[in-house]
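Here is a briefing on the structure shown below. It goes by topic, from the arrangement of the copies to single residues.

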Amino acid sequence: MFLTLDIIGTIAFAISGVLVALSKKMDFFGILIIAFVTAVGGGTLRDILIGNTPVGWMTNMVFSYTIIGSSIFAIVIRNKINYLRTSLFLFDTIGIGLYTVVGIEKGLNAGLDPLICIALGTISACFGGILRDILCNEIPVIFRKEIYATACILGGTVFFVLREFPIQDDIIFIIAGSVVISARLLAVKFKIALPNIYKD
Amino acid sequence: MFLTLDIIGTIAFAISGVLVALSKKMDFFGILIIAFVTAVGGGTLRDILIGNTPVGWMTNMVFSYTIIGSSIFAIVIRNKINYLRTSLFLFDTIGIGLYTVVGIEKGLNAGLDPLICIALGTISACFGGILRDILCNEIPVIFRKEIYATACILGGTVFFVLREFPIQDDIIFIIAGSVVISARLLAVKFKIALPNIYKD
Amino acid sequence: MFLTLDIIGTIAFAISGVLVALSKKMDFFGILIIAFVTAVGGGTLRDILIGNTPVGWMTNMVFSYTIIGSSIFAIVIRNKINYLRTSLFLFDTIGIGLYTVVGIEKGLNAGLDPLICIALGTISACFGGILRDILCNEIPVIFRKEIYATACILGGTVFFVLREFPIQDDIIFIIAGSVVISARLLAVKFKIALPNIYKD
């Protein structure tokens, strides 16, 4: 169950990387490198901070094969996923939802404080996309007006609130991930932003 | 004593992060993230290089609470710390002074060569500010004309010279930290720079 | 043999760092920091990913002394290595050739999959130069039209093909490193690029 979420998140982020790299007219290896960095960047920083080394994708080859497979797939059908901006937004949002939960779970396994687990979930979810945008010379998604890290923090908070109740772990994973995804979708659709603190 | 220096440095860097983020009109979570990254960035890279994982702020919650507390405090009284440039310079300088000593001490504890300890002190002191400036789209402080890393290297050298004499550790910490702070203050006040090697 | 390749690569990268820093009119410590980061950047990220901490240059002082020595040497004779662009290209290419092989070998020692070893070789070879270019505000070499990471991937593939045959390890190191260097030299000389995937 848990590995499944991780792999679906990997596919979503790899495709989001391919989409940005394609829009920059990169060559084949350039696209693959961006897909890889986007998909593993967040989890790599998380594993390094915890001390889980060699980091996950280096010992479990399923991640490399998933990234290579989904990247080639996305390159081949690139004319079918034409509405780049919309697809990119969707894949990126699914990725942050799933990686937030995966990151929190890894923090819990390392016996860390809930506050630190939420930070790890947010790092897992956001760092790959930040690297993707820096490498492709885009304004990093996290610094745009949209809610991004805030959605992860919200989902992480819901995660730890639900854990206080007698709910099955798998259900909590799915609810918390869905909260992240919904929060970002709704915030962008209804242009919700955090309250302005610069009024005075 | 040692933890105290580390916490005061954390407060100084967190406030310096808040000041830069405020000047960029970031939202509340954006400010908190910049404060966090500035305060823990240098120590995180240092701990990762040494292999002290999970890194310090993840296992000792006093750092997270200190950062959140001093950030909220700085946001609330932001109209009182109005002279942004001067305050920022001061907090940043206190931060690099204290973190240089903290970094050197961690290197010594890991049994590393004095040269490497000085490098670790410099990394601890400078990396958080570099990340802050990159994330806020400022020219990183380390690449401006001011003496910055050089002050850390100077303080680190004084540290290891003093250790040759029968002086108490606490005194050495304070002297070396003060050297870093004074070197930077004096260099900026009297516009001292390294000798130019491009004369010919 | 193996340490020798590592040290020659370190010298090549340190000099490439000095050349870029000189072209940016940095001061003495600035040049030294760029030389250091260029020379140890790739190996540091590789060692962190594998979990080899404290990272190599922190425990074996030969790297620090090599970097400081070759940097001062390059600064002193800087008027003799005047044709900056050509020298830089050459030293950088020697560096990526040697570090690719060193990175692969470290991956093998950690018992990792060949695909991951090639990725580690490429990271070792490319990351220092990327940091150098980012810190010096150049367009990172890896994102220019030239073949760069692709040369490392090619050399890494040759490495694992040759291992299937009864060839001595030292010979394989030299051949694989030479393939990386030749691939880059030839690609730049004859303006070879990867096939364009944007025809349609």
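**Symmetry between copies**

- Two copies of a chain are related by a rotation about an axis and a shift along it.
- Chain C goes onto chain A by a rotation of 120°, again with 0.0 Å of shift along the axis. The RMSD of that superposition is 0.0 Å.
- Only 6% of the interface residues of chain A are also interface residues in chain B, so the copies meet through different surfaces.
- For chains C and A, 6% of the contact residues of chain C recur in chain A. Here too the copies use different surfaces.

**Interface of chains A and B**

- Chain A brings 16 residues into contact with 13 residues of chain B.
- On the chain A side, helix 2 (28–50), helix 6 (114–135) and helix 7 (149–162) each give two or more residues.
- That side of chain A holds 13 nonpolar, two polar and one charged residues.

**Interface of chains C and A**

- This contact takes 16 residues from chain C and 13 residues from chain A.
- Helix 2 (28–50), helix 6 (114–135) and helix 7 (149–162) of chain C each supply at least two residues to the side that touches chain A.
- By class, the chain C side divides into 13 nonpolar, two polar and one charged residues.

**Fold of chain A**

- Chain A has eight helices and zero strands. From the N terminus, its elements run α-α-α-α-α-α-α-α.
- The radius of gyration of chain A is 16 Å, close to the 16 Å that the globule rule gives for 200 residues, so chain A is as compact as a globular protein of that length.
- Along the principal axes, the C-alpha atoms of chain A fill a box of roughly 50 × 50 × 25 Å.
- Of the 200 residues of chain A, 52% count as buried.
- Among contacts in chain A with a separation of 6 or more, 69% join residues 24 or more positions apart.

**Helix 8 of chain B**

- Helix 8 of chain B covers residues 169–189, which is 21 residues. At 1.5 Å a residue it should span 30 Å, and its end C-alpha atoms are 30 Å apart, which agrees.
- Buried residues in this helix include Ile172(B), Phe173(B), Ala176(B) and Gly177(B). Val179(B), Val180(B), Ile181(B), Ala183(B) and Arg184(B) are also buried there.
- Just after helix 8 of chain B, Lys191(B) takes a positive phi of about 50°.

**Gly156(B)**

- Gly156(B) sits in helix 7 (residues 149–162) of chain B.
- Is Gly156(B) buried or exposed? Gly156(B) has 27 C-beta neighbours inside 10 Å, so it counts as buried; the cut-off for buried is 20 or more.
- Leaving out residues up to four places away in sequence, Gly156(B) touches Thr100(B), Ile104(B), Ile118(B), Gly121(B) and Thr122(B).
- Gly156(B) and Leu135(B) are 21 residues apart along the chain, and their C-alpha atoms are separated by 28 Å.

**Backbone exceptions**

- Most residues other than glycine have a negative phi, and most peptide bonds are trans.
- Lys25(A) is not a glycine, although its phi is positive, about 55°. Lys25(A) lies in the loop between helix 1 (2–23) and helix 2 of chain A. Lys25(A) is exposed, with 11 other C-beta atoms within 10 Å.
- Lys25(C) has a positive phi of about 55° as well, and is not a glycine. Lys25(C) is placed in the loop between helix 1 (2–23) and helix 2 of chain C. With 11 C-beta neighbours inside 10 Å, Lys25(C) counts as exposed.
- The peptide bond from Thr53(B) to Pro54(B) is cis, with omega near -5°. Pro54(B) lies in the loop between helix 2 (28–50) and helix 3 (56–59) of chain B.
- In chain C, the bond from Thr53(C) to Pro54(C) is cis, with omega near -5°. Pro54(C) is in the loop between helix 2 and helix 3 (56–59) of chain C.

**Confidence**

- The mean pLDDT of chain A is 87. In chain A, 90% of residues reach 70 or more.
- Where pLDDT is low, the predicted coordinates should not be read in detail.

Conventions:
Residues numbered from 1 in each chain as written. Chains lettered and ligands numbered in written order. Predicted model: local features only at pLDDT ≥ 70, side-chain atom pairs only at ≥ 80, totals over all residues. Helix = DSSP H or I, 4+ residues; strand = E, 2+ residues; numbered from the N terminus. Rg over C-alpha atoms; globule rule 2.2 N^0.38 Å. Buried ≥ 20, exposed ≤ 12 C-beta atoms within 10 Å, placed from the backbone. Contact = placed C-beta atoms within 7 Å. Nonpolar A, V, L, I, M, F, W, Y, C, P; charged D, E, K, R; others polar. Least-squares fit on C-alpha atoms with pLDDT ≥ 70 in both. Expected span 1.5 Å × (residues − 1). pLDDT = per-residue confidence, 0-100.
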